[in-house]
Amino acid sequence: MKLSKSIVAGAVGLSLALSAGAAVAKDFRLGLITPPPHVWTKAADAFGAELAEKSNGAHTVQVFPSRQLGNEAEMLQQLQTGALDMAFLTVAEVSNRVADLGAFYAPYLVNDMDGVAKILRSETATGLLDQLPQQIGVVGVGYGSAGLRQIASRDTVESVSDLSGKKIRITPFAPIQDFYNLLGTAPTPMPLPAVYDAMANGQVDAIDMDLELIWKLKYWEHSKTVVLSNHMMFPMVGLVSARVWAQLSEEDRALVRELMAKHVDSTIDTFVAQEPKFLEETRKTGVSIVEVGPEFFGDAIDQWNAAWEKKTDALAALRKEAGM
Ligand code: BEZ
């Protein structure tokens, strides 16, 4: 079921206008698409453990990894109706509803994980979360990260022309689809769980992916080349249903906000610290790693920026935060 924007805005506006609820014990349900060993899932578990501890057992969090509650679009709808309490979602999914969040995907907005940390912790980034309750019926408490994007290809890649016309798996969202269209490839939206088989059976020629998963989920097994491009960041956002939020006491809101923000933010530090290890492990597999910079992508980057400047003012604001 897709709720119209006006219904969501009306319902949420009303509920947020009400005073906070009374303090009541709650067993929150938190959904996410990543599997149990993933950095995000571990952060969700740690958030649940700390919330139980700091609330003296009054609140618990049941974590549902691996899309047990549905895909991200379905979980977002469940958050809107209050059927789901919390989720850690890709900013990609949320940007399908809130175009300003697409600005995070400007190619080479940052060059490394330190740059990612700086942008995601900036006032501009935090400010973008303010519109979520009114626009889509969720409260955004803070950002996390899944590192930077690379391209793993079944065939050898030496220049961008080797990708021309190739089917490249993308996470389903507009900014990345635009990027791969500008490169003259055939972007193929596909959720994470379908990726391994699609690479194995040649349904796609290459995938847009982060290093952690290229290594851990063994996408390298069907890759001849990993193009180490670091071409985009891939943020996550910790969300609470606005309907559920309205029922929490002020004290509980503060506790949930503080702890969820802390644990989603911890994933940024994990990727800052672990990217070198993910690269080393990927190298050890023997896959050919081709290191490239923005020049590899030619004028697609300028074209992307020109198109997205027209869609959102957030792009200029984030570029300013990045010192561009
Ligand atoms: C992906 O769609 O590539 C993805 C989703 C969540 C975490 C990491 C990667």
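Which residues surround the ligand?

## Ligand site

In this predicted model, the ligand is surrounded by I33, T34, W40, T90, R149, R169, T171, L192, M209, D210, L213 and F234, where a residue is near a molecule if one of its heavy atoms lies within 4 Å of it. Oxygen atoms of the ligand lie 2.9 Å from a side-chain N or O atom of R149, 2.8 Å from one of R169 and 2.8 Å from one of T171. The protein buries 99% of the 260 Å² that the ligand exposes when taken alone (accessible areas by the Shrake-Rupley method with a 1.4 Å probe; for residues, only the protein chains shown count as cover).

## Basis of the values

Residues are numbered from 1 along each chain as its sequence is written, and side-chain values use heavy atoms, with hydrogens and water left out. Local features need pLDDT of at least 70 and side-chain atom pairs count only at pLDDT 80 or more, whereas totals for chains, interfaces and linings use all residues.

## Domains and nonpolar core

The protein chain is divided into domain 1 (5-146 + 235-275) and domain 2 (149-232 + 277-302), with bounds from an automatic or database domain assignment. Their centres, taken over C-alpha atoms, are separated by 27 Å. In domain 1, 18 residues are in contact with 26 residues of domain 2 (contact: heavy atoms within 4.5 Å).

The largest nonpolar core has 109 residues, and F104 and Y143 have the most contacts inside it. Such a core is a set of buried Ala, Val, Leu, Ile, Met, Phe, Trp, Tyr and Cys residues joined through side-chain atoms within 4.5 Å; buried means under 20% relative accessible area, exposed over 50% and partly exposed in between (1.4 Å probe, protein chains only). Helix α12 (residues 250-284) gives the most to this core, with nine residues.

## Helix α5

Six of the eight residues of helix α5 (residues 113-120) are buried, so this helix is largely enclosed by the rest of the structure. Helices (H or I, at least four residues) and strands (E, at least two) are DSSP runs numbered from the N terminus. The buried residues, M113, G115, V116, A117, I119 and L120, pack against α6 (123-128), β4 (138-153), β9 (233-241), α12 and α14 (314-321).

Technical notes: A polar contact is a pair of N or O atoms within 3.5 Å; within protein, one must be able to donate a hydrogen and the other to accept it, and residues adjacent in sequence count only if both atoms are side-chain atoms.
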